[in-house]
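Please look over the sequence and the 3D structure shown here. The paragraphs after them take a few of the strands and helices in turn.

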Amino acid sequence: MIQSNISDSPLQGEHRPTPDVSIIIVSWNVRPLLERCLSLLTQGAATGDLVTEIIVVDNASSDGSADVAASFPNVHVVRCEHNLGYGRANNIGMKMARGKHLLVLNPDTEPLPGSIERLVAFQRSCPSAGIVAPRLLNVDRSVQASAFSFPTLAMAAIDLFPLPHIVPGRLRQRLYSSRLNGRYPDEGKRDLPFRIDHPLGACMLISRQAYREVGGFDPKLFIYSEEIDLALRYLKAGWECWQVPQAEVVHIGGQSTGQIPDRMFVHLWRSRLYLYRKHYPLAGQLALSLLLVLAQLRDIISVPFKRLLRQIEGDEAKRALIRALKAITLVFTR
């Protein structure tokens, strides 16, 4: 069930112009960040002369996020009675949107001046670009990795079996930022737009035509891997994915998911397994499942020793064991 309320709604009224871009923001208990993001958007520096509409879909926040969003004029607020997940909530916003372009934007972002305007300009100049993403920046304005290759078993192995700390940090960093780990090593040095497999989903401009042909996010993905699945489906339909470095957006990251890390770990691997079942051959599915099970068995065996050596506390050890068992269960459930 959803409820919607509006103050001077951009979705109401027959005489309003068609927006150049509809900005869809899904929020969950990030009130200060949402307020900051909406303040920047309503000031218009990021959008320039574009006609915009802003749709906030609140996933049953308990911190008053929806009320904050409703306090901004011309912001349409959808209040979900339950947490529908990231993809389904975004789909609600995209279905309501009237814009020629659809911008999926996280509330923990700060679009810099001209950023959204530049994304729209590029998509208009490149009709084959179904998804266009900005360069993401950390709070200190350093470049944040946000251009990725599609998942591989090597990437999963690096994630599940990280290098030990005895390996020099420089070597670890070289591996984690390499193409083997799905990164574009020269991402931060590029000045011109370049094609990528998929972006980080914090900010993505979606072509209206691509959306009509292929649709929005897979509703079966509650959280994580939504942008990967979307990019894979768009690519199969002939659409391209690009990053535009001249468009810059500050991304804090993990502000919603960081509130419940153990649960998010399980969601992460549920989504990755689903993605493999949907897009990858059976051999890849089985290999990923095996990697996940082996990594969790390693943790189950090592946690008691870490507890005995006082490397972790009792509550942390209990959570780690429960998390590992739940992750193993994912392999045998759909």
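A residue counts as buried if its relative accessible area is under 20%, exposed if over 50%, and partly exposed in between, with a 1.4 Å probe and protein chains only. Helices (H or I, at least four residues) and strands (E, at least two) are DSSP runs, numbered from the N terminus. The model is predicted, so local features need pLDDT of at least 70 and side-chain atom pairs count only at pLDDT 80 or more, while totals for chains, interfaces and linings use all residues. Residues are numbered from 1 along each chain as its sequence is written, and side-chain values use heavy atoms, with hydrogens and water left out.

Begin with strand E4, residues 75-80. Five of its six residues are buried, so the strand is largely enclosed by the rest of the structure. Strand E3 (residues 52-58) pairs with E4 in the parallel sense over five bridges; two strands pair if DSSP finds at least two bridges between them. One of these links joins Ile55 to its bridge partner in E4, His76.

Helix H8 (residues 226-236) is also mostly covered, with nine of its eleven residues buried. Among the elements that cover these buried residues are helix H3 (86-96), strand E7 (129-137), helix H7 (208-214) and H9. After H8 comes Gly238, with a positive phi near 95°.

Two packed helices are described by the angle between their axes and the distance between the axes. Axes are lines fitted to C-alpha atoms, for helices over the stretch in contact, and angles run from 0 to 180 degrees between N-to-C directions. Angles under 35 degrees count as roughly parallel, over 145 as roughly antiparallel, 65 to 115 as roughly perpendicular and the rest as oblique.

How do the axes of H8 and H9 cross? They come within 11 Å and cross at roughly 15°, which means that H8 is roughly parallel to H9. The contact (heavy atoms within 4.5 Å) is made by Ile228, Asp229, Leu232, Arg233 and Lys236 of H8 and by Leu275, Lys278 and His279 of H9.

Helix H5 (residues 153-160) also packs against H9 (residues 261-279): their axes come within 13 Å and cross at roughly 165°. H5 is therefore roughly antiparallel to H9. On the H5 side the contact is made by Leu153, Ala156, Asp159 and Leu160, and on the H9 side by Trp269, Arg272 and Tyr276.
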